[in-house]
Amino acid sequence: MTGLKQILTIIQKDLILEMRSKEIIVSMLVFSLIVVAVFNFIFDPGSEQIRTTAPGILWIAIIFASNLGLSRSFAREHENAHMQGILLCPVDRSLLYIAKVIGNIIFITIVEIISLPVMVVLFDLDLHGVLPLLLLVLFLGTLGFAGVGTLFSTISANTKSREVMLPILLFPVTIPIILAASKSTSYLLAGRDITQIWSWMRILIIFDVIFLVVCFLLYEYVLEE
Amino acid sequence: MSNLTYLFIAYAFIWTAIFLYLLNIGKKLSFMQREIKLLKENSHKSEDF
Amino acid sequence: MDKKYLIPILLSYVAILTALYFAFLYAPTERTMGDVQRIFYFHVPSAWVSFLAFFVVCIASIAFLRTGKESWDILAASSAEIGVLFITIVLLTGPMWAKPVWNTFWTWDARLTTSFILWLIYIAYLMLRSYVHDKERGARFAAVFGIIGFLDVPIVYMSIRWWRTLHPAPVMGGKQGSGLAPEMLMTLMICLGAFTVLFATLLFLRYKTGMVATEFERLKNKIHS
């Protein structure tokens, strides 16, 4: 089997599992919508504040839902000893990381695709002409967050209180990604100059590259021997 | 004496107390290391039998 | 008592007393800030020691992953504990200095925010260490997190700086570095040296305690088997 085929097989396995139970996607989606709804009550109805803070709320909803999904997916693997099964196969361990990251990105992207239109309607956002760039920013933020999240959820799945451990490890470390992603989004939605938006997007790309490379190199150490 | 002199003396007392405590820890550590060494030697001896 | 403990303890005792003398009696009173500025001589060395400690964590973690020697893991754990102690001192003394001088306890400035996130990261590191089932694997988890945590420091600092420079910066009158009197600089250097010696002593004691604990564990297993 070639590397690409191995990656695709692992992703397929995760997707089939999820299609059967729909446990992760549904819980992530409901959770992200709840976050959006709850944040809505912080502000006075109809105030301008909501629109300026909407990008931040969007990212909070995404990272909280992602955190939930990541910890659930690895807990499930841990409970059913899937990881041991995969590790017994002749699969290169670094490919395993790539496959896991892509799988997590797919889950998070599905949640984003559904919750973004909901946010647009609820917060009356104007996406005219910025949608392609917005999707790119969403992807870049998700890439970085899922890259670190995959490594840390493998770690936290093997600790005593895994649901608590994951956000405690993940959130402080990914603050630069969250910051760059939410800044890019808010500049984009505020209709700022393209050079200003690009300056934050460039930072986001640099952070993504650094985090992905480091996590890729370190992933083999968190797997069982 | 100025206020700062009193402040200095007060802090000197605090740190003296902290370091006396550190000395105490150091003493306990050396004791434990000696004990472990003894235990190790004993366990080697018992293996020989 | 063993000389290898007596000498470093006495050495750092003399160093700390000298530092106290310089900070309280030798250094002149700052003209605008008054005596409260003397916090500086303990605040900055504490920050330096915490960075040094986290650097040691990173190096020891890399060495542990490469060699698999338990002593590197003990060194990383010891250094992280001391680092957290000193970064806590930084976060407590900082606001005590800022309130009378800047008239606010806290600003989301790059240095302050980075210290705060650093504190969160290494609290998470210590939690991770205490929450693992399997000791050998837990050590590898901690090493991976220790490396990422330290690499994250400059990234966090840069991202916060870019974020802050695009906002109106809070007014900060005469912080360190700008026109420090020679006596003040001298005092700072002595305090930095004293705190470094103190750090080395504490690290040594803590490291030896960890080594004794593992030896003890080994003996216990030997007797039980």
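Begin by selecting helices α6 and α8 of chain A, which are roughly parallel to each other, bearing in mind throughout that this is a predicted model. Helix α6(A) covers residues 131–156 and helix α8(A) covers residues 194–222, and the two pack at an angle of about 20° with their axes 9 Å apart; because angles under 35 degrees count as roughly parallel, that value accounts for the description. If you look along the pair, the crossing of α6(A) and α8(A) is left-handed.

Next, show the side chains where these two helices meet. On α6(A) the contacting residues include A:Val137, A:Leu140, A:Gly144, A:Val148 and A:Leu151, while on α8(A) they include A:Leu204, A:Phe207, A:Phe211, A:Leu212 and A:Leu218. Colouring the contact of α6(A) with α8(A) by class gives 16 nonpolar, 4 polar and 1 charged.

Now zoom out to the chains. Two pairs of chains touch, and the pair with the most contacts is A and C. Chains A and B, by contrast, are joined by no contact, and their closest C-alpha atoms lie 31 Å apart.

Select the side of chain C that touches chain A. Its elements giving two or more residues are α4 (110–130) and α5 (135–165) of chain C, and α5(C) provides the largest share, with 15 residues. By class, this side of chain C divides into 19 nonpolar, 3 polar and 3 charged residues.

Then turn to the side of chain C that touches chain B. The contact between these chains takes 20 residues from chain C and 21 residues from chain B. Here α1 (3–26) and α6 (182–224) of chain C each supply at least two residues of the chain C side, and α1(C) gives the most, with 10 residues. This side of chain C has 15 nonpolar, 1 polar and 4 charged residues.

Finish with the largest nonpolar core, which holds 126 residues; the members that touch the most others are A:Leu169, C:Ala23, C:Ala76, C:Tyr122, C:Phe145 and C:Cys191. To see the element that gives the most to this core, select helix α7 of chain A, residues 162–189, which contributes 14 residues.

As a last stop, centre the view on C:Ala23: which residues does C:Ala23 touch, not counting those up to four places away in sequence? They are C:Arg38, C:Tyr41, C:Phe42, C:Thr187 and C:Cys191, and C:Cys191 is itself among the core members that touch the most others.

Technical notes:
Residues are numbered from 1 along each chain as its sequence is written. Chains are lettered from A and ligands numbered from 1 in the order in which they are written. This is a predicted model: local features need pLDDT of at least 70, side-chain atom pairs count only at pLDDT 80 or more; totals for chains, interfaces and linings use all residues. Two residues are in contact if their C-beta atoms, placed from the backbone, lie within 7 Å. Helices (H or I, at least four residues) and strands (E, at least two) are DSSP runs, numbered from the N terminus. Ala, Val, Leu, Ile, Met, Phe, Trp, Tyr, Cys and Pro count as nonpolar, Asp, Glu, Lys and Arg as charged, and the others, Gly among them, as polar. Axes are lines fitted to C-alpha atoms, for helices over the stretch in contact, and angles run from 0 to 180 degrees between N-to-C directions. Angles under 35 degrees count as roughly parallel, over 145 as roughly antiparallel, 65 to 115 as roughly perpendicular and the rest as oblique. A crossing is left-handed if the near helix is turned anticlockwise from the far one by less than a right angle, and right-handed if clockwise. A nonpolar core is a set of buried Ala, Val, Leu, Ile, Met, Phe, Trp, Tyr and Cys residues joined through C-beta atoms within 7 Å. A residue is buried if 20 or more other C-beta atoms lie within 10 Å of its own, exposed if 12 or fewer, and partly exposed in between; C-beta atoms are placed from the backbone.
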